[in-house]
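Here's a quick look around one model. Have the sequence and the 3D view open as you read.

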Amino acid sequence: MDPRQILRILIVLSGLNGVCDALLCNCTAPHCERDGFKCETNGACVASTSVIEGQEQHVRLCIHKEKLVPPGQPFYCLSAEGLMNTHCCYTDYCNSIDLRLPIVTNGPGAGQDWGPVELTAVVAGPVFVLCVLVLLGLFLFQHHQRAYGHRQRLEVEDPSTEHMFLAKDKTLQDLIYDLSTSGSGSGLPLFVQRTVARTIVLQEIIGKGRFGEVWRGKWRGGDVAVKIFSSREERSWFREAEIYQTIMLRHENILGFIAADNKDNGTWTQLWLVSDYHENGSLFDYLNRYSVTIEGMIKLALSAASGLAHLHMEILGTQGKPGIAHRDLKSKNILVKKNCTCAIADLGLAVRHESITDTIDIAPNQRVGTKRYMAPEVLEESINMRHFDSFKCADIYALGLVYWEIARRCNAGGIHEEYQLPYYDLVPSDPSIEEMRKVVCDQRLRPNIPNWWQSYEALRVMGKIMRECWYANGAARLTALRIKKTLSQLSVDEDLKI
Ligand SMILES: Nc1ncnc2c1ncn2[C@@H]1O[C@H](COP(=O)(O)OP(=O)(O)O)[C@@H](O)[C@H]1O
Ligand SMILES: [Mg+2]
């Protein structure tokens, strides 16, 4: 290896490459097209060759330094036997090589120029491979016998190999467990994501949103949700996948991301986002179908606040996470899990805060999201977009509206109301910005908090939180963490086991 290359690797490993020039790599990803199929990174160039459905595919990408984990044997640099050959390197455009798949070829002419060493290898190789296969077969048989009794122990044995992720008896639960112990904190290795996505069998449509359809799919007997974007929506697909793979984002009250895949079938590209499936569907569907007890209301509200608090929170350190604002919070973008707690979903419009430079990771446009849930300052376009906290405050306003939707369905003392969207009585069914602005900004109206809620401590507290989420002045609103603490206290006072 040339000394410059060794130096570069040492610099990357020591974390000092911030002072060094950025590394230039070849890049085959669609988003690199505008940069002339190249990319820049502080980490490594990667080249990989894989066989997908009998076809060879060559992928070249940049991998950022923080994704080169674990050190020494990063997931992104691993090869998968018979599936993918991967090579990471650390000099400009070093990933232009075409990797061969590790298949022994015996084509015509092979062996003509071989010396005794090669000939011995050719003869001994297959014998060796055969022995390995027999041993592997024996091992797998034994492993299978023991798997039922020793599953837990086997799962944590060697988290750095592809066998760990894709062993035949792995279920979805196992995979998600692997994800939480894999150490990268940002998701499964790309080749695992792709392999999982390509072995899902779609079952039925479960939702339609802005960008396409959401399906229930089956993977190894378990349910998964697949959000399918049309090829026109590639940027939205890429952005949502990117946000879900933010380091340390995983949380029990944020939709669990499993995989992203872009599959080109020759005519068009199918863009998939695979996530945990929640049979209760969205909070909107759930509240339309069921009323909730006081306990149920607190559980939904507290879990939604916990999810939002985690999303908003910046965690410092190498394994930290940036603050993230959702920008489209509403009951249709929150899912209800089997245990009747919430999981915040649809992160396609989210923005991340880069606190070192105090900037936002994409150029935010003024008004995105759902008009009915837009905070007054968003409707008026007076929001200060240079200040990241403004976006968090706008999320809190929307959370207050979601709480109102939940509280109306609370079955306290036998009374509850039918489900309604916020402002159902003040604006038409598909309101324009102007119609919303008149009600929310000019008339300063908010959803009605009935007087009888005062007779029930839980509803009284919920009503108070809502009012404090709806102040016209964003900065005066509660924070998600404050709401979480108030509701945790309420659940203790109400003697709930949450
Ligand atoms: N993981 C999931 N489990 C169950 N239902 C889901 C899941 N993800 C989405 N849905 C359903 O699909 C709808 C649209 O999903 P969403 O992610 O909000 O897409 P869009 O970005 O198109 O709005 C949701 O409102 C919900 O009803
Ligand atoms: Mg949505």
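What follows covers a ligand, a metal ion and one glutamine.

This is a predicted model, where local features need pLDDT of at least 70, side-chain atom pairs count only at pLDDT 80 or more, and totals for chains, interfaces and linings use all residues. Residues are numbered from 1 along each chain as its sequence is written.

Let's start with ligand 1. Of the 19 residues around it, Arg210, Lys227, Asp276, Lys332 and Asn333 come nearest; a residue is near if one of its heavy atoms lies within 4 Å. That shell divides into seven nonpolar, six polar and six charged residues. Here are some N or O distances:

| Residue, part | Ligand 1 atom | Distance |
|---|---|---|
| Lys227, side chain | oxygen | 2.7 Å |
| Asp276, backbone | nitrogen | 2.7 Å |
| Asn333, side chain | oxygen | 2.9 Å |

Taken alone, ligand 1 exposes 550 Å², and the protein buries 91% of that.

Asn333 turns up again at the magnesium ion (ligand 2), which Asn333 (OD1) and Asp346 (OD) coordinate at 2.1 Å. Asn333 sits in the loop between β11 (324–325) and β12 (334–336) and Asp346 in the loop between β13 (342–344) and β14 (351–354), so the pair ties together parts 13 residues apart in sequence. Both Asn333 and Asp346 are buried, meaning under 20% relative accessible area (1.4 Å probe, protein chains only).

Now for the glutamine. Gln193 is in helix α5 (residues 190–197); a helix here is a DSSP run (H or I) of at least four residues, and a strand (E) one of at least two. Gln193 is buried, with a relative accessible area of 1%.

Notes: Chains are lettered from A and ligands numbered from 1 in the order in which they are written. Side-chain values use heavy atoms; hydrogens and water are left out. Buried means under 20% relative accessible area, exposed over 50%, partly exposed in between (1.4 Å probe, protein chains only). Donors are N, O and S atoms within 2.8 Å of the metal (3.2 Å for Na, K and Ca); water is not among the atoms, so sites may look incomplete. A polar contact is a pair of N or O atoms within 3.5 Å; within protein, one must be able to donate a hydrogen and the other to accept it, and residues adjacent in sequence count only if both atoms are side-chain atoms. Accessible areas come from the Shrake-Rupley method with a 1.4 Å probe; for residues, only the protein chains shown count as cover. Ala, Val, Leu, Ile, Met, Phe, Trp, Tyr, Cys and Pro count as nonpolar, Asp, Glu, Lys and Arg as charged, and the others, Gly among them, as polar.
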